[in-house]
Amino acid sequence: MAIRLGDTAPDFTQDSTEGKISFHDWIGDSWAVLFSHPADFTPVCTTELGQVAHLKPEFDKRNVKVIALSVDSVESHNSWAKDIEETQGAALNFPLLADADRKVAELYDMIHPNAEATVTVRSVFIIDPNKKVRLMLTYPAPTGRDFGEILRVIDALQLTEYEKVATPANWKDGDDVVILPSISNEEADKLFPKGYKELKPYLRMTPQPNK
Ligand code: BEZ
C-alpha cells in the first residue's frame, strides 16, 4: 500500500555499508532522511552522495541521521565508495543500504515501472523520532536533488514541531514565520514574546522564535 504523510515509516532489517540495520532501532530518538538512488556507478548519484557527505555536519546539528539506498550489493557499494571519495572529495560517512533484493524499495514504493522498470526513482522520506513520515519527495532518475532544500524543509518541520509556527512561501532560515491557526491570540501573546503582526485573523506573522 502507498505510504502517506503521517503514516508510521515501514520498519525493515537490511544490509548496508555499516552492517545490518534495523531501521527503527537505528533511527532511535533522531529524525531520519532515507533517500534512494537508481543504481551504483551512476553519475548523478555519485554527486549526490558526495554532497550529502559534505553536508553531514548540518544534518548532525539538526539531530537528523541520513541513510541512502541503492539496489546493489555491499561489495558493489564499497567499490563505488572509493570513486565517490576520489571524485567528490568526501568519503561516505553514513550508511548506504544494499537493497539487492529490493525489499526496502518495494516497501517504500520506490520503483515506478512507468518511469524506470528495474531501478528506484530518487525518493526522499523525512521521518520524525516517533517514526512518522513527515515529508516525501520523488525526483526522476536524471535530476539530482537539492540537499540545501532538504535541510530547509527539515528546519521548517522542526519549527512546526517545536515552536508551533508554520513557514510561508519561499521561507528561509531567519525570515518571519506564521503562527499556527490552532493557536489563539491569548496563547500567542504568551508563546511569542517578540510580538506578532495580525494581517488577518488567520494570518499572523512573527519573527522566527529560535533566532
Ligand atoms: C544517474 O546518474 O543516476 C542517471 C543519470 C542519467 C539518467 C538516469 C540516471
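How much space lies in the largest pocket? The model before you is predicted, and in it the largest pocket holds about 150 Å³ of space.

Let me turn to the residues that form its lining. Arg62 contributes to the lining, as do Asp155, Gln158, Leu159, Tyr162 and Glu163.

I now come to the ligand. Which residues are around the ligand? They are Pro38, Thr42, Pro43, Val44, Cys45, Arg122, Ala141 and Pro142. Six residues of this shell are nonpolar, while one is polar and one is charged. Helix α2, which spans residues 43–61, gives the most to the shell, namely three residues.

At Val44, a backbone N or O atom lies 2.6 Å from an oxygen atom of the ligand. Arg122 takes part through its side chain, where an N or O atom is 2.8 Å from a ligand oxygen atom. Thr42 likewise uses its side chain, with an N or O atom 3.4 Å from an oxygen atom of the ligand. On its own, the ligand has 260 Å² of accessible area, of which the protein covers 71%.

Finally, the domains. The domain assignment of the protein chain gives domain 1 as residues 13–145 and domain 2 as residues 163–206. Between the C-alpha centres of domain 1 and domain 2, the distance is 35 Å. Thank you for your attention.

Key:
Residues numbered from 1 in each chain as written. Predicted model: local features only at pLDDT ≥ 70, side-chain atom pairs only at ≥ 80, totals over all residues. Heavy atoms only, no water. 1 Å grid on protein atoms, 1.4 Å probe; cavity = no way out; pocket = protein on both sides within 12 Å on 5 of 7 lines; lining within 4 Å. Points joined across faces, edges and corners; volume = space filled by probe spheres on them. Near = heavy atom within 4 Å. Polar contact = N/O pair within 3.5 Å; in protein donor to acceptor, adjacent residues only side chain to side chain. Areas by Shrake-Rupley, 256 points an atom, 1.4 Å probe, with all protein chains shown as cover. Helix = DSSP H or I, 4+ residues; strand = E, 2+ residues; numbered from the N terminus. Nonpolar A, V, L, I, M, F, W, Y, C, P; charged D, E, K, R; others polar. Domains from an automatic or database assignment.
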